[in-house]
Amino acid sequence: MKIQFPDNFTWGVATAAAQIEGGAFEDNRGASIWDVFSRLPGKIKNGGIPEVACDSYHRVERDVEMMKELGVNSYRFSFSWSRILPDGTGQVNEKGIAYYKKLIRLLKENGIRPNATIYHWDLPYALQMKGGFGNREIIGWYLEYVNVLLDNFGEDIDLWVTFNEPIATYVGYAQGFFAPGLTDEKYARQALHHLLLCHGEAVKLFRKRNIPDAKIGIVVDVWKHYPAREGNPEDEALALTGNEIKGYGMFLHPLFLGGYSDVLMKYFEENGLTPVMQEGDFETICQPVDFYGLNFYNGLYDNADKLREAEKVKKEGGNYQDRPEDHTEAIRDVLHMLVEKYRIQVPIYISENGFPFDDADGKEANLNDRKRIEVIRKVLTWLHKAMEDGIDVRGYYLWSLMDNFEWSAGYAARYGLYYTDYETLERIPKKSAGWYAEVTRTNSVETWED
Ligand code: NOJ
């Protein structure tokens, strides 16, 4: 069966600066925490570094040409803070400004609306050296950067995103898998509090500047956890932790309901992790936004027995169930939760969704990516059902335009509609690129049924 999307639906693709641009040390760009972290031995799969990545710094014409081929009407990208302000604050790098001016000009010439993320994980290293998000001064540093962006691009961008997936800062400060590679939960919790304040202050600043037609929002990923065995106390506890303490709840509650949830506060208190807060912080954090961006990849089912088994196998050096089960139908329930539990009443965009292949599967399998098409069709089928339920979803961005630097998975995980040949930097359309072009052309999708 074919399902039809509304006439003005946004179909897009998404990328991020650190993952595609390369040109890491060209034209005065400063180092980001990912430039440094990726060079530490053993941190990134196969030792990948984002120095060249997809070389989009020099290939922006080709990137926009690919968007034309796909027929998308919006492009979600991010600004590189250390390309704009190499030291994080102070001197503005005009060459960095020129690069984004060119990208935006090309997008507009081709009728593609820019959706730009201010911060997508790549903090200038100079600021990390001053404590990064752990230092409350980050609010001032971030606002300085936001002001530079609004001065230069304010009216050019339709949708401004303050932060992409703030959880990455938790992973980088508490769990060590992401830059800057620290494992200090107290510092991480403080950092997240400051990050939320940066968001709130940026929204206030944006309102003051009163930029015609531009909108501002935030992107929070939701990996909703469910107990694999309902009523099993261990599974229930795992899901609660995954959602409220270490997942989306730590952001959605303060952003949309105000303050941290009782579950999170209790956890902070019991573990001596309560961040230092000031009067008025929670009011700042829950500034009304114009839209919400949902990054959705999968639903997760927690089973305490399986987890124990996995830990045992891992300890013994084995590999336990590499790829999680497909629970992409969860997107419908997640969208309901956003509206019903978190009372999100602004338009929602699916700001990311996609499916990875492994580089080790080989080029042929990567180009012939039927499985990606199947998974995305399924997501779009359930998304459409949620829209029929009355949820106001305005658009969908596929992650990603092309294979790129997938953080700690380096170049081993390939998410692109285009295959990136990292030797020649050529981009080759995969089967899914042709399929997506049909979706955007017809504004419809052949549904996926079990
Ligand atoms: C989330 C992130 O925003 C993006 O940077 C990442 O590459 C994709 N999801 C895939 O993991």
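The legends below describe close-up views of one predicted model.

Residues are numbered from 1 along each chain as its sequence is written. In this predicted model, local features need pLDDT of at least 70 and side-chain atom pairs count only at pLDDT 80 or more, while totals for chains, interfaces and linings use all residues; side-chain values use heavy atoms, with hydrogens and water left out.

**View 1. Eight strands close into a barrel.** Strands (E, at least two residues) and helices (H or I, at least four residues) are DSSP runs, numbered from the N terminus. The order around the barrel is E2-E3-E4-E5-E6-E8-E10-E12, and the pairing is parallel. From one strand to the next, the twist averages 25°; axes are lines fitted to C-alpha atoms, for helices over the stretch in contact, and angles run from 0 to 180 degrees between N-to-C directions. Two strands count as paired if DSSP finds at least two bridges between them. Strands of a sheet pair through backbone hydrogen bonds, either parallel or antiparallel.

**View 2. Strand E8 (residues 291-295) pairs with E10 (residues 348-353) and with E6.** Four bridges join E8 to E10 in the parallel sense, and Asn295 has Glu352 in E10 as its bridge partner. E6 and E8 are also parallel, over five bridges; here Ile218 is partnered by Tyr292 in E8. Five of the five residues of E8 are buried, where buried means under 20% relative accessible area, exposed over 50%, and partly exposed in between (1.4 Å probe, protein chains only). In a regular strand the side chains alternate between the two faces of the sheet. Phe291, Gly293 and Asn295 are buried on one side of E8, and Tyr292 and Leu294 are buried on the other.

**View 3. Strand E12 (residues 393-399) pairs with E2 (residues 10-14) and with E10.** E2 and E12 run parallel and are joined by five bridges, with Gly395 in E12 as the partner of Thr10. E10 and E12 are parallel too, over four bridges, and Tyr349 stands opposite Gly395. Six of the seven residues of E12 are buried.

**View 4. Helix H9 (residues 185-209) packs on the sheet.** H9 touches strand E5 (159-164) and strand E6 (215-221), and its direction makes about 165° with that of E5. Contact means heavy atoms within 4.5 Å. His199 is found in H9 and counts as buried, at 1% relative accessibility. Leaving aside neighbours within four places in sequence, His199 is in contact with Thr162, Phe163, Ile218, Leu255, Ile285 and Val289.

**View 5. An edge-to-face pair joins Tyr119 and Phe133.** The structure holds 41 aromatic pairs. Rings of Phe, Tyr and Trp (its six-membered ring) pair if their centres lie within 6.5 Å; planes under 30 degrees apart count as stacked, over 60 as edge-to-face and the rest as tilted. The Tyr119 and Phe133 ring centres are 5.3 Å apart and the planes stand at 70°, so the pair is edge-to-face. Tyr119 lies in strand E4 (residues 113-119) and Phe133 in the loop between helix H6 (125-128) and helix H7 (138-153), so the pair ties together parts that are 14 residues apart in sequence. Tyr119 is buried, with a relative accessible area of 4%, and Phe133 is buried at 1%.

**View 6. Aromatic rings form a cluster, and charges sit over two other rings.** Ring pairs link Trp34, Phe37, Trp121, Phe178, Phe405, Trp407, Tyr411 and Tyr422. A charge sits over a ring if NZ of Lys or CZ of Arg is within 6 Å of the ring centre and within 35 degrees of the ring normal. The charged end of Arg83 is 4.1 Å from the centre of the Tyr57 ring. Lys385 lies over the face of Trp382, at 5.1 Å from the ring centre.

**View 7. Glycines with positive phi follow helix H17 and helix H11.** H17 (residues 370-388) has 19 residues and reaches 27 Å from its first C-alpha to its last, close to the 27 Å expected; the expected span is 1.5 Å times one less than the number of residues. Buried residues of H17 include Ile373, Val379 and Leu383. Just after H17, Gly390 has a phi of about 110°. In H11 (residues 249-257), seven of the nine residues are buried, so the helix is largely enclosed by the rest of the structure.
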